[in-house]
Amino acid sequence: LNPLCTLRYSATHKELYHPVYNLGPVRAFQMNLVKKISVASVLAESDPTESYLKIEDISREPFRVKIKFYKMGKNGPKITTGSLKKDDDLYVKSNENSIYQTGFIVTEINAWAGREFVKFSNGLRLRKGQEQGGSRQEIVKKQIKETIRAHFEKELDLKGKEIKVLSLFFIDRVENYRKYTDMGFEKGIYAEWFEEQYRQLSEEYEKHGLTIVPTFEVHNGYFSRDKEGHFKNTEGKSKSDEYTYNLIMKDKEKLLDPQNPLKFIFSHSALREGWDNPNIFQICTLNETQSTMKKRQEIGRGLRLPVNKDGNRVFNNDINNLVVIANESYKDFVDRLQKDFIDDGIQFGAIPLDFFEGVYGSIDGQEREISYEESLELWTYLKENNWIDEKGFITELFINDVENQKFILPEKFKSITRETIGRIEEQRIESHVTQY
């Protein structure tokens, strides 16, 4: 065709030749082009009974306690085993996992045969072989329960608005949801737990006027199969995955039909970029260990703005919220999500030098826009007052001073104080990712 120019449009350019326009995730959040995110933490930050640990062994020489716990790693919390002595702090040993932040210092180890126990500074006392904070099964059950509850709550909120509500589960192994047998298929443990929790909660929400669909109709799984028709675990990259993804893409619009009873979807992999159904309002990740997939990939499947039964996009901030049911604290979730953004070169929480250029206000007695030089002047003032650091990242002092009305700009910029605070707040990830 011998074109004079070529325009490339993509979310993931391999090379950036001459960018014409860039709409990144930070700006998308700020412009309300995607859903806000709420995190429902199964492992509560302030409740020590939710902080999982198990006493594996207690030895006399030397006095040591062997403990299984969740240790923070590169990809988030992962179950591990470590040895602690008296006065050791599990919060430190777990690489500062916040669920052990309060009261998990070893104060006593009793190695008397048959009477072994360990005591922590919060008063918790466990004998050899005991565990607390819920077994893995209890954590998964609770995640499933909270997902169903959040789903029902959303359906109540949207009652009469003709907007289909969907929930998505990411699971660790296909066998946990569906097993292949010579007689056909049977339910795995996750499917059984789901139906158990669904029946219990449906009785409660039916009393609130919610129409309850029979349990066996509301959930299904989308998994890849081998040549014999067996469902298999997959990373979503092989040719044998094509059937699965074609099926799920074809069902995409069918799933949005309020008359279609299917509402809860189970999948093994993060699905490919194409499948991010706009009406996913809840996402739950069920993994033996924390997922190695990036948070952005996990939550990205549910960030699109929803549509009603006619396919019209819904622009309502009170409706457009994605609930993520996580087996980690809110703080850990946000920290990891922000790290994912930074690793991909996306600055959430940083103020660039030209950030205030174009802001309109009364400057030196004139109604006009701020210039680049004045934006730099304001940026420097913020840094000098420790409201941002050397790289432009917003500090805790900014948050505290705004709350305590100590955020005061020079006379020249006083007219844009409110605009300045608002713009800075929009750069904070916590403004877009909140606790549920």
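This is a predicted model: local features need pLDDT of at least 70, side-chain atom pairs count only at pLDDT 80 or more; totals for chains, interfaces and linings use all residues.
Residues are numbered from 1 along each chain as its sequence is written, and side-chain values use heavy atoms, with hydrogens and water left out.

**Figure 1. Overall view of the protein.** The protein contains 12 helices and 20 strands, taken as DSSP runs (helices H or I, at least four residues; strands E, at least two) and numbered from the N terminus. Of its 436 residues, 47% are buried; buried means under 20% relative accessible area, exposed over 50%, and partly exposed in between, with a 1.4 Å probe and protein chains only.

**Figure 2. The salt bridge of Asp88 and Lys85.** Asp88 forms a salt bridge with Lys85, and their closest N and O atoms are 3.3 Å apart. A salt bridge is a side-chain nitrogen of Lys or Arg within 4 Å of a carboxyl oxygen of Asp or Glu. The structure holds 17 salt bridges.

**Figure 3. The salt bridge of Glu390 and Lys383.** The closest N and O atoms of Glu390 and Lys383 are 3.9 Å apart in this salt bridge. Glu390 is exposed, with 64% relative accessibility, while Lys383 is partly exposed at 23%.

**Figure 4. The salt bridge of Glu411 and Lys414.** Here the closest N and O atoms, from Glu411 and Lys414, lie 3.6 Å apart. Glu411 counts as exposed at 63% relative accessibility, and Lys414 as partly exposed at 42%.

**Figure 5. A network of salt bridges.** Salt bridges link Arg368, Glu374, Glu377 and Lys412 in a network.

**Figure 6. The second largest pocket.** About 470 Å³ of space lies in this pocket. It is lined by 18 residues, of which Glu155, Ile163, Lys164, Pro258 and Lys263 are the closest to its centre. On a 1 Å grid over the protein atoms alone, a pocket is an open set of points where a 1.4 Å probe fits, with protein on both sides within 12 Å along at least five of seven lines; lining residues have an atom within 4 Å of a point. The volume is the space filled by probe spheres set on the points.
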